[in-house]
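Colleague: I am new to this structure and would appreciate a guided tour. Could we look at it together?

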Amino acid sequence: MKYRRLGKTDFNVSEISLGTWQVGGSWGSGFDNSSADKIINTAIDQGINFIDTADVYEAGLSEAAVGRVVRSRKEEVYVATKCGRQINPHTNENYQPKVLRKFVEDSLKNMGLECLDLIQLHCPPTEVFYRPEIFGLFDRLKDEGKIKHLGISVEKIEEALKGIEYENVATVQIIFNMFRQRPKELFFEQVRKKDVGVIVRVPLASGLLTGKFSAASTFDADDHRNFNRDGSHFDKGETFAGIPYNLGLKAVEELKALFPNHTNLAPIALRWILDHPEVGCIIPGASKEAHLLSNITASDLPPLTEGQHQQVDAIYDRLIREHVHHSW
């Protein structure tokens, strides 16, 4: 495993880390504690030292699993969680410092930790990023020893750029992959200037970039890849990175032709992300140990050639750009 500095946190984190949205099983399958513990332990065994979770993942069971495993290990593992998505209705008006404070304190209790390495606002409404009192809360929580750093998880570039205007925002979690390339423009320029750590989520476009799906693939009724393709339940960009499914399949076939020696495109897709030095770490999910072990191989791959990057960009420009580039 290779490690990178995560911006001004000064954390030295595994470039392939672990996201735990589906760590206890595949989407919609319920939560299996023994499976979650096995995957998290294997991640740490393989050198992963940064784990991302959220209070809403499986109603707190994901957080509890992360805390349980991390407390049982001797290695230093950085724990990141997120808060805000429990707010219902999820509106700007309902974001209040006292509400967010309780979420942070509940997460600490749920994970059995005294201090969070990183707490992240969990994709709040855009208006929240224009409210300094929300960000001021986290300075107080830091002074109280309850958190070390504040980060933001965002849907839109606008939110990321506004969020990093606050000095105490140390990291941004954002969707960035072969099919969502806009972050590498103005956003990456600004994080370099402000020394902000970049955490990449949805790196495989909900599995689309593994190359394992086809027009005949089906997804369980409770899987967001089935029920959220139109964005009716949460931001459309979280599902297949916002790309129409059949168009994504067409683009993937072109990627397969570009990388004919790789039957599994996932490591190549992750390597493409790692080739951007602004990225601190990637947090692919894993519902099976095999997925985790596949993902970490990306760290050992050589960088893609300049020609390969140009051809990936050409596929994006021709097939994908018009559908996603200015939406997020």
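Colleague: To begin with, which residues of helix 10 are buried?

Modeller: The buried residues of helix 10 (residues 289-296) are Leu292, Ser294, Asn295 and Ile296. Buried means under 20% relative accessible area, exposed means over 50%, and partly exposed lies in between, with a 1.4 Å probe and protein chains only. Helices (H or I, at least four residues) and strands (E, at least two) are DSSP runs, numbered from the N terminus.

Colleague: What kind of model is this, and how are residues numbered?

Modeller: This is a predicted model, in which local features need pLDDT of at least 70 and side-chain atom pairs count only at pLDDT 80 or more, while totals for chains, interfaces and linings use all residues. Residues are numbered from 1 along each chain as its sequence is written, and side-chain values use heavy atoms, with hydrogens and water left out.

Colleague: Back to helix 10: what do its buried residues pack against?

Modeller: They pack against strand 3 (18-19), helix 1 (33-45) and helix 9 (266-274). Contact here means heavy atoms within 4.5 Å.

Colleague: How many bridges join strand 7 to strand 8?

Modeller: Four bridges join strand 7 (residues 150-153) to strand 8, and the two run parallel. Leu150 stands opposite Val169 in strand 8.

Colleague: And why is strand 8 described as largely enclosed?

Modeller: Seven of the seven residues of strand 8 (residues 169-175) are buried, so this strand is largely enclosed by the rest of the structure.

Colleague: What about strand 9 and strand 10?

Modeller: Strand 9 (residues 197-201) pairs with strand 10 in the parallel sense over three bridges. Ile199 stands opposite Cys281 in strand 10.

Colleague: Now the helices. At what angle do helix 3 and helix 4 cross?

Modeller: The axes of helix 3 and helix 4 (residues 132-143) cross at roughly 40 degrees and come within 10 Å. That makes helix 3 oblique to helix 4. Angles under 35 degrees count as roughly parallel, over 145 as roughly antiparallel, 65 to 115 as roughly perpendicular and the rest as oblique. Axes are lines fitted to C-alpha atoms, for helices over the stretch in contact, and angles run from 0 to 180 degrees between N-to-C directions.

Colleague: Which residues make that contact?

Modeller: Helix 3 contributes Pro97, Leu100, Arg101 and Val104, while helix 4 contributes Glu133, Ile134, Leu137, Phe138, Arg140 and Leu141.

Colleague: Next, Gln190: is it buried or exposed?

Modeller: Gln190 is buried, with a relative accessible area of 18%. Gln190 is found in helix 6 (residues 186-194) and touches Leu161 and Ile164, not counting residues up to four places away in sequence.

Colleague: How accessible are Glu58 and Ala59?

Modeller: Glu58 is partly exposed, at a relative accessible area of 32%, and Ala59 counts as exposed at 75% relative accessibility.

Methods:
Two strands pair if DSSP finds at least two bridges between them.
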